[in-house]
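Good morning, colleagues, and thank you for your attention. Please keep the display in view as I speak.

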Amino acid sequence: MNVIFTESGKEAKLVEGRTILSYLQELEIDINASCGGEGKCGQCQIEVECASGALSDKTEAENEFVHEDTCRLACLARVLKTDEHIYVRVPRRTYYVLESGEYKEIALEPFVHIEGERVFCESEDVGEYTGEIYGIALDIGTTTLAVYLIDLESGKVSSVISRENPQTKYGNNVISRIEFARKGQDILEREIRTAANEMIATLTEPSKVYEMVVVGNPVMRDLFFGYSVESLGKSPYEPLSVESVSKTAKELGLEANPEARVYGLPLIGSFVGADALAVVLATEMYKSESDKICMAIDVGTNTEIALGNKDRLIATSCAAGPAFEGAGIACGIGGVSGAIREVKIENFGEVKYKTIDDAAVPVGVCGSGLIDALAELLDKKLIDGRGKFYGDKKELKIAEGITLSEKDIDQLNLAKTAVAVGIKVLLERYGVKLEDIDSIFLAGGFVNFTNTEHAIRIGLLPDVERGKVKKVGNAAVEGARQALISKTKREEAEAVAKRIEHVKLEEEDNFMELFVSELYFQKYL
Ligand code: FES
């Protein structure tokens, strides 16, 4: 008998002892398995439609994460009996695309243009003009993917789409992806390109896509382009090459015009990649006057921070982990419809919340909601600076079945500390103080919902003048858009990449000391 995944129709033979997650991976069906199948992240939830006694009983760990009888964690549900089919549904989640809808006006000078009835990319004839020419800007995050479809005749963004990176089922951070790539690089490559194809097909007729600009950290970018990421897994942890890359859609098996150029922005070094460069490009901090030093923080699983102005730029990456993207947190979830995005604790302890899309039934808490919850817990003196609850209560109930525990708070503490340490080390390296910073650009999938005051309260952001903090949404994909529609911007990106100094946090003498001293929820200057 088989396990049958009802939505895709894929199936495989039942083997006693196998987990449902192992089937999902084998059949390449998308599921978030951020903890790598250890039953710790709660992200691999599935719905078992019919399996009377054919699966193992729910474990204690599962009961922590799933509250409906039919729901299971795919990594913990094992096949017990093989004499009847097991029907499984994998819930699909639509990501809320956090972008402002306002794009910087820049002169339109794309590489792709029309000459008569033909479409050209620079001097290369790439096909017949059929009424529309589109480009794709793709940001490959470790946890989340974001795509802009851009009309190359007007330069306008036609549509946007976002979804989870399907590679999360093989691990939730760049290190676990590198490890998986040792035996299954081809699987990771296929996963990401298939996801890109699906996103493109959702947005337009793929043959109308004539150029793509791709950004991502070095592991994400190089997996997409099919370069080995092995060198990033061993000292000195550098990519094969930091240069920009260019292939055709045909070479990569992408469903766009076969001759469409797929261009990857250059990398900066080690784990600081094309996405960080795209943020620098979008914020134009590389043009900032000598007396105006800017900082850009792109909060994600691999958080990048850049600092400087037109005279000097430095950048680093911090392994913040996916906590602020909702993974590894029992009640956490990405920015999907129904996610709790705002949390308030009233004076008598009553919790109020708002969900994305105003959904009546919350499905979890996304990054901005987690930051709110922490700040409120601190302000209402329900937890101390180390994140421990006062009194007997050891968790905050946010909604039915949605609670934030001390264990979750520890994960968030590690994530915010990684960012805070990155900021402090960069300031020290640059030889400036926070008060010397003119602007802090806050970028990332969930930042538009983030309450700046609360991010400062928990020590994720420094305690600077509030007016200096500027939320710039998903600046990485915006930078990719600019490099797509402007030759000048692309040239600038190539030039700027060469002059950004890369700082390796772990090589700093006082790194561990600083990290431990920062493991505290407090404002800092
Ligand atoms: S993969 Fe199942 S709980 Fe993390």
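Predicted model: local features only at pLDDT ≥ 70, side-chain atom pairs only at ≥ 80, totals over all residues.

Where is the place of glycine 9? Glycine 9 sits in the loop between β1 (2-5) and β2.

Residues are numbered from 1 along each chain as its sequence is written, and side-chain values use heavy atoms, with hydrogens and water left out.

Glycine 9 counts as partly exposed because its relative accessibility is 46%. On this scale, buried means under 20% relative accessible area, exposed means over 50%, and partly exposed lies in between, with a 1.4 Å probe and protein chains only. Between the C-alpha atoms of glycine 9 and threonine 403 there are 35 Å, and the two residues are 394 residues apart along the chain.

We move on to threonine 19, in the loop between β2 (11-13) and α1 (20-26). With a relative accessibility of 11%, threonine 19 counts as buried. If its neighbours within four places in sequence are set aside, threonine 19 is in contact with Ala74, Cys75, Ala77 and Arg78, where contact means heavy atoms within 4.5 Å.

Lysine 81 lies in the loop between β4 (71-73) and β5 (86-89). Its relative accessible area is 36%, so lysine 81 is partly exposed. Lysine 81 and glutamate 16 are 65 residues apart in sequence, yet their C-alpha atoms are 6.3 Å apart in space.

I turn now to the backbone. Most residues other than glycine have a negative phi, and most peptide bonds are trans. Glutamate 122 has a positive phi, near 55 degrees, and is placed in the loop between β7 (118-121) and β8 (124-128). Glutamate 284 also has a positive phi, near 55 degrees, and belongs to the loop between α6 (274-283) and β15 (293-298). Are these two glutamates buried or partly exposed? Glutamate 122 counts as partly exposed because its relative accessibility is 41%, whereas glutamate 284, at 19%, counts as buried.

There is also a cis peptide bond, which joins serine 235 and proline 236 with omega about 5 degrees. Proline 236 is found in the loop between α4 (218-225) and β13 (245-248).

Next, the aromatic rings. How many aromatic pairs does the count come to? The count is 3, under a rule by which rings of Phe, Tyr and Trp (its six-membered ring) pair if their centres lie within 6.5 Å; planes under 30 degrees apart count as stacked, over 60 as edge-to-face and the rest as tilted. One of these pairs is formed by tyrosine 170 and phenylalanine 180, which is tilted, with 4.4 Å centre to centre and 35 degrees between the planes. Tyrosine 170 is in the loop between β11 (157-164) and α3 (174-203), while phenylalanine 180 is in helix α3, 10 residues apart. Both tyrosine 170 and phenylalanine 180 are buried.

Phenylalanine 511 and phenylalanine 515 form another tilted pair, with 6.1 Å centre to centre and 50 degrees between the planes. The two are separated by about one helical turn because they are 4 residues apart in helix α12 (residues 511-518). Phenylalanine 511 counts as buried at 19% relative accessibility, and phenylalanine 515 is buried with a relative accessible area of 14%.

Finally, the chain as a whole. Its secondary structure comes to 12 helices and 25 strands. The radius of gyration is 23 Å, close to the 24 Å that the globule rule gives for 525 residues, so the chain is as compact as a globular protein of that length. The radius is taken over C-alpha atoms, and the rule is 2.2 Å times the number of residues to the power 0.38. Along its principal axes, the C-alpha trace spans about 65 × 55 × 45 Å. Of the 525 residues, 59% count as buried. Among contacts with a separation of 6 or more, 67% are accounted for by residues 24 or more positions apart.
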